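User: I would like to go through this model and ask what stands behind each label. Please give the value and the criterion each time.

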Amino acid sequence: MKRLLSSAGLAPRKRYGQCFLVDRNLMNKLLAVTGLTGEETVLEVGPATGAMTEDLLPHCKKLVAVEIDTGLAEVLTERLGSDPKLTIIVGDVLAGKHAIEPAVLEAVAPAAHLISNLPYNIATPLLAECLKNSWRAVTSGDAVRFDRMTFTVQREVANRFAGEAGSGDYGPISVLMSLLGTVAPGPLVPATAFWPAPKVQSQIVRIDFDAERAREIVDLQALTTILTAGFGQRRKQIGSIFRKADTPYGPDALAAALATAGVTPDRRAETVAPEQFAAMANALAK
């Protein structure tokens, strides 16, 4: 990879959070966790020069690689662009903070697996949008379903994905992932496995979308609204937050939702279980 970048006059760019996974053994571990059968459409974000792309191609039906760095995209195209299984999209995978780029969704429709050494600065919003799209796919049929997401991410971020109520890692993304999928933390990845080496450990994580549980959420926007409000001031009592929150529902409806979920107003959001947040959201939706 260093030789390829050097010959193209390129270098890792902090702007894009580029830390390339260069340890072949750990790359193989990531691929082993994916559970690919050869019939899947795969979305790879940040393929760089295509080290993992090259290994993924024999194990999937179609591979869509999204690279924001135009220089790296040129190297990737030169190396692997002739493979009929590979579609390369040059640009940002996100169209703003709360949406996946439509061209990417069109390329992977109707369903895909996300497999990636994720750029750290987009991991949480991208995975949240993958789950939200999957919810829309099974509740209205009007979106792309991401059946599985396997990736490397900073260990502290991985801890938040699997955070449980009452822990310091617990937050809105923990609730979303608990209600819409199953999070399986995998092997730790030392900083030395990347180039350039980050200052923190990383971890391989696999998330399997749970369509049955997702259908239990009546209105995902209602859930997102109360999560944003509740965790926006996580040290305050949730009843007090909801009385003053700027939401479409009003304080009386929010108070009734708390009662329906069996949550007393003196609780803090970090102590409320995912299922209770789901009950509140469903009560508001009705």
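This is a predicted model: local features need pLDDT of at least 70, side-chain atom pairs count only at pLDDT 80 or more; totals for chains, interfaces and linings use all residues.

User: What makes the radius of gyration agree with that of a compact globule?

Analyst: A compact globule of 286 residues would have a radius of gyration near 19 Å, and the protein chain has 20 Å, so the value agrees. Along the principal axes, the C-alpha atoms fill a box of roughly 65 × 40 × 30 Å.

User: Which share of the contacts joins residues at least 24 apart?

Analyst: Taking contacts between residues at least 6 apart in sequence, 67% join residues at least 24 apart.

User: How far apart are the mean positions of the positive and negative charges?

Analyst: The protein chain has 30 positive and 30 negative charges, and their mean positions lie 6 Å apart.

User: What makes a set of residues a nonpolar core, and which members of the largest one touch the most others?

Analyst: The members must be buried residues of the nonpolar kinds, joined through side-chain atoms within 4.5 Å. The largest such core has 66 residues, and Leu126, Phe277 and Met280 touch the most other members. Helix α6 (residues 123-139) gives the largest share of this core, eight residues. Apart from this core lies another, of 23 residues, including Leu21, Leu30, Leu76 and Leu86. In soluble globular proteins, nonpolar side chains tend to be buried together.

User: Which residues does Leu126 contact beyond its neighbours within four places in sequence?

Analyst: Leu126 is in contact with Val45, Val93, Leu94, Ile100, Leu114 and Leu118.

User: Why is Thr49 called buried, and where does Thr49 sit?

Analyst: Buried means under 20% relative accessible area. Thr49 has 2% relative accessibility, so Thr49 counts as buried. Its place is in the loop between β2 (41-45) and α3 (51-56). Residues up to four places away in sequence aside, Thr49 touches Met1, Leu4, Leu5, Leu72, Val75, Leu76 and Arg79.

User: What makes the phi of Ala48 worth a remark?

Analyst: Phi of Ala48 is near 60°, a positive value in a residue other than glycine. Most residues other than glycine have a negative phi. Ala48 lies in the loop between β2 and α3 and, at 2% relative accessibility, counts as buried.

User: How do you know which peptide bonds to call cis?

Analyst: By omega: the bond from Ala109 to Pro110 is cis, with omega near 5°, and the cis bond joining Trp195 and Pro196 has omega of about -10°. Most peptide bonds are trans. Pro110 is in the loop between α5 (102-108) and β5 (111-117), while Pro196 is in the loop between β8 (194-195) and β9 (202-209).

User: Which residues does Cys19 contact, leaving aside neighbours within four places in sequence?

Analyst: Cys19 is in contact with Asn117, Phe194, Trp195, Pro196 and Pro198. Cys19 is found in the loop between α1 (2-7) and β1 (20-21).

User: Is Cys60 buried or exposed, and what does Cys60 touch?

Analyst: Cys60 has a relative accessible area of 1%, so Cys60 is buried. Beyond residues up to four places away in sequence, Cys60 touches Gly38, Glu40, Val42 and Lys85. Cys60 and Lys85 are 25 residues apart in sequence and 8.3 Å apart in space, C-alpha to C-alpha.

User: Why is Thr150 called buried, and which element holds Thr150?

Analyst: Thr150 has a relative accessible area of 1%, and therefore Thr150 is buried. Thr150 lies in strand β6 (residues 145-154). Its contacts, neighbours within four places in sequence aside, include Leu30, Leu114, Val205 and Arg206.

User: Why does Gly239 count as buried?

Analyst: The relative accessible area of Gly239 is 5%, so Gly239 is buried. Gly239 lies in helix α11 (residues 238-244). Leaving aside neighbours within four places in sequence, Gly239 is in contact with Leu258 and Pro265.

Key: Residues are numbered from 1 along each chain as its sequence is written. Side-chain values use heavy atoms; hydrogens and water are left out. The radius of gyration is taken over C-alpha atoms; the globule rule is 2.2 Å times the number of residues to the power 0.38. Contact means heavy atoms within 4.5 Å. Lys and Arg count as positive and Asp and Glu as negative; His and the chain ends are not counted. The place of a charge is taken as NZ of Lys, CZ of Arg, CG of Asp or CD of Glu. Buried means under 20% relative accessible area, exposed over 50%, partly exposed in between (1.4 Å probe, protein chains only). Helices (H or I, at least four residues) and strands (E, at least two) are DSSP runs, numbered from the N terminus.
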